[in-house]
Amino acid sequence: MAIQLEVWGSGALFTRPEMSVERVSYDVMTPSAARGILEAIYWHPGMRWVVDKITVMNPIKFDNIRRNEVSSVLSARTAHSMMEGKGGEVIYTSDTIQQRASTFLRDVHYVIEAHFDMTDRASKEDSPAKFISIFNRRVAKGQCFHHPYFGCREFPVDFKSWEDKQSPKGFEQGKRDLGYMLYDMDYRDPENIKPLFFRAELNDGVMNLENARVVS
Amino acid sequence: MIENLIHLYDDLDAKHKIPQYGLIPQNVLYGLDIDDSGKILNIRKLGDWSQKRPVHMVSVPARVTRSSGVKANFLCDTPQYLLADDTNARNGREKKAFKAAAELHLRLLSGIDDSTAKAICAFFARSPQVSEAKNLLTADEWKHASTANFVFYHNDRCVMEDERIVHAWLEDFSESGTDGEVLESIVDGSEVQPAAIHPKIKGVWGAQSSGGALISFNKESFNSYGKSQNANAPMSEEQAYKYTAALNYLLADNDHVAHVGDTTIVYWAESGSVEYQDFFSMASDFGGGSSSDGDLEANLGTAINALAAGRVFDVGNFQLNPDEHFYVLGLSPNSARISVRFFLKDTFGAFLQNIVKHYSDLSIQRPIFDKNPRMPLWRLLNQTTNQAIKADVPSVLVGGVLRSVLLGVPYPASLLSNVELRIRSEKDINADKAAIIKAYYLRQPNSECPKEVLQMSINEESENVPYVLGRMFSLYEQIQQAANPGINTTIKDKYFNSASTTPSLIFPILGNLAEKHLRKLGRSEPGRKVNLSKALQRLSLRLGDQYPARLSLPQQGAFQLGYYFETQKHYENKTVKQENSNKQGENNE
């Protein structure tokens with residue numbers, strides 16, 4: 001069951017893992033970011049989204065900003081002990097402030113092509129036809145579990161389904177090598193979540209993921 | 001980007017321009033000559049000892065980091081390790097040091113069938129020869145030598161020239177490494193043991209002098225998925241070494257590094273050829289970098305045009321190819337880290353094309369005394385700050401402007417707003433600022449600041465109301481100056497800002513003033529009065545029946561350009577007249 005979803009926004013930041021402190025974005029949306037957008041609109045334990053194709057509709061443009069963030073994280077344990085009234089650690093922004101630079105994408109516009117597989121957690125009543133009509137209805141109404149975003153919460157996604165009879169056209173002609181790109185995280189061992197990479201390439205502005213080589 | 005840097009490293013490595021992975025340049029001042037049986041023959045001094053601090057760089061095996069423990073280096077070390085010298089040692093430490101060095105060398109070299117390797121093995125099989133070594137130097141010399149690095153010589157040849165020994169070291173070096181988690185490398189997808197800490201990057205202005213980290217995860221909030229340090233961005237030790245070595249190589253090359261604001265810019269061609277860098281530094285005029293190639297400088301214009309048009313250009317005996325892949329990387333410091341401001345890759349020709357476009361967008365009629373028609377980038381950026389107090393250029397602006405220049409896209413809006421701020425507080429518009437306004441609206445078309453006003457010099461035909469108002473304002477000022485020669489404060493100081501924002505409030509006042517100035521001028525110079533009032537009439541015919549109530553920002557731009565050009569025209573007439581009268585004087589004589 002394939003779907004086509006058109007997404008766009010004024011900014012996007014798909015952080016490269018090697019440049020995640022002083023954030024630098026990948027040139028185009030990563031497959032896992034696309035999956036995140038789909039899951040924000042509709043997801044069910046009985047289904048698993050697989051992104052097939054991402055069409056880049058707008059030229060790739062970058063911009064810079066600096067943001068004030070903090071350097072420490074609050075652990076779940078201290079949060080728990082605070083819940084029980086035992087007190088704990090708090091983060092004072094002024095003590096742990098860290099200015100971090102970001103290089104992000106401007107005016108992004110993509111069309112995501114994806115399908116989903118049924119998993120063994122689907123119940124008897126679930127069927128692909130049911131999931132797809134729920135998904136389509138939610139897209140038409142603009143419903144989502146949480147607002148989908150382009151890599152960072154600061155960059156919300158506008159979405160609608162791609163109604164055009166013709167398949168979407170990329171912003172450029174020719175081939176563009178994007179280097180190694182994050183495919184997704186391997187969550188099979190929850191204790192040790194590993195990143196997976198693939199060689200990304202744009203052909204006429206389209207990133208085809210159907211045959212993406214992913215080593216796991 | 002990391003991939004491109006590693007590629008550059010491999011190219012430089014092939015040309016022997018950069019230390020190999022596992023080797024490091026080190027100041028080595030003494031050579032230890034040994035014979036086949038490992039006996040010390042001589043101690044030779046290396047380098048130029050007439051200098052106060054002699055320097056003799058040798059590429060030697062990578063150093064171990066020593067704190068308090070005893071750890072030996074391979075092939076090159078201090079006398080404490082190589083000779084068990086006790087000058088700087090306590091508690092028999094020198095014996096342990098010699099033992100550690102002997103173990104290391106015997107382990108790596110005993111299996112090699114090579115006369116030099118055998119000689120070194122024999123050297124370590126003997127008891128330490130510290131007294132023999134001391135006899136070869138005076139006591140004072142020894143004091144200096146005891147903390148310096150020694151390297152082995154055999155048969156009058158430095159051991160580092162022995163390929164088999166170096167090979168043995170490199171093999172051992174790349175194999176060593178702690179057992180740990182295996183992750184997929186971010187660079188090429190191969191399975192690697194991630195390097196925990198990457199070498200530092202030196203030479204970025206404003207960063208710590210000991211170097212900053214480009215890739216580092218030194219705060220808890222930087223980590224993802226419970227990974228610590230650089231396991232967040234898995235890369236092998238070798239890959240980490242290569243990209244940092246390549247970047248450090250680029251940064252150390254002062255001729256091809258530019259500094260703009262707080263951003264340090266390096267650029268390189270995919271082939272690693274220095275000719276592209278030379279040419280780029282000249283063509284871009286970003287500052288920094290010097291060139292001695294006078295011929296090329298003279299032909300710069302033709303060369304740029306040829307390359308920008310996609311033709312190959314010969315420089316001396318090197319061919320510049322416009323299709324060569326070219327990279328421009330901007331780095332700036334942020335805390336102890338280094339952040340990437342921008343990383344651009346394109347063909348060499350495309351970069352040049354954009355640079356040519358940048359300078360042509362910026363070109364504008366300049367005052368006669370301005371001998372530099374091309375405005376370098378630093379001067380452009382200085383127009384956004386208060387030069388009286390030498391304020392810093394905002395770093396975000398630098399990255400944005402550079403990107404616009406190199407990619408040929410519209411300039412950042414903050415460039416215009418900063419320049420407008422300066423115009424407002426300085427109540428003046430110079431050639432540089434007029435050029436920026438012109439270039440900004442050329443790239444960001446706006447119907448309120450149309451193309452007809454964005455020209456190299458004055459457009460006398462333009463009917464654009466703000467533009468005509470700007471020209472009129474300049475005329476009013478000229479009238480005032482003609483009526484009251486040598487006054488310090490003119491209507492510009494009082495009314496320039498308000499006239500450009502709310503003309504309907506200010507222009508009636510200016511009209512009244514001009515009337516009075518003209519009356520006064522009529523008494524002293526009636527001819528000039530007629531000329532000026534005619535010029536004023538011609539302009540007011542284009543205005544319609546009323547002044548606009550207020551002008552938008554783009555309209556203010558048109559006003560400012562109108563004012564600038566009209567003023568330039570006035571000066572131009574003046575100098576032409578002066579030149580003419582000078583000529584007449586000559587003729588009369």
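How many aromatic pairs does a search of the whole structure find over all chains? The search finds 36. This is a predicted model, in which local features need pLDDT of at least 70 and side-chain atom pairs count only at pLDDT 80 or more, while totals for chains, interfaces and linings use all residues. Residues are numbered from 1 along each chain as its sequence is written, chains are lettered from A in the order in which they are written, and side-chain values use heavy atoms, with hydrogens and water left out.

**View 1. Tyr42(A) and Phe145(A) form a tilted aromatic pair.** Rings of Phe, Tyr and Trp (its six-membered ring) pair if their centres lie within 6.5 Å, with planes under 30 degrees apart counted as stacked, over 60 as edge-to-face and the rest as tilted; here the centres are 6.2 Å apart and the planes 40 degrees. Tyr42(A) belongs to the loop between α1 (31–41) and β3 (47–56) of chain A and Phe145(A) to the loop between α3 (128–141) and β6 (158–161), so the pair ties together parts that are 103 residues apart in sequence. Helices (H or I, at least four residues) and strands (E, at least two) are DSSP runs, numbered from the N terminus. Tyr42(A) is buried, at 7% relative accessible area, whereas Phe145(A) is partly exposed, at 48%; buried means under 20%, exposed over 50% and partly exposed in between (1.4 Å probe, protein chains only).

**View 2. Tyr9(B) and Tyr241(B) form an edge-to-face pair.** Their ring centres are 6.0 Å apart and their planes lie at 80 degrees. Because Tyr9(B) lies in helix α1 (residues 2–14) and Tyr241(B) in helix α8 (residues 237–252) of chain B, the pair ties together parts that are 232 residues apart in sequence. Both Tyr9(B) and Tyr241(B) are buried.

**View 3. Ring pairs link residues of chain B into a cluster.** Its members are Tyr267(B), Tyr276(B), Phe279(B), Phe280(B), Phe326(B), Phe348(B) and Phe351(B).

**View 4. Helix α14 (residues 395–407) of chain B has a span that agrees with expectation.** Since 11 of the 13 residues of α14(B) are buried, the helix is largely enclosed by the rest of the structure; among the buried residues are Leu397(B), Arg403(B) and Leu406(B). Gly408(B), with a positive phi near 70 degrees, follows α14(B).

Conventions. Expected span 1.5 Å × (residues − 1).
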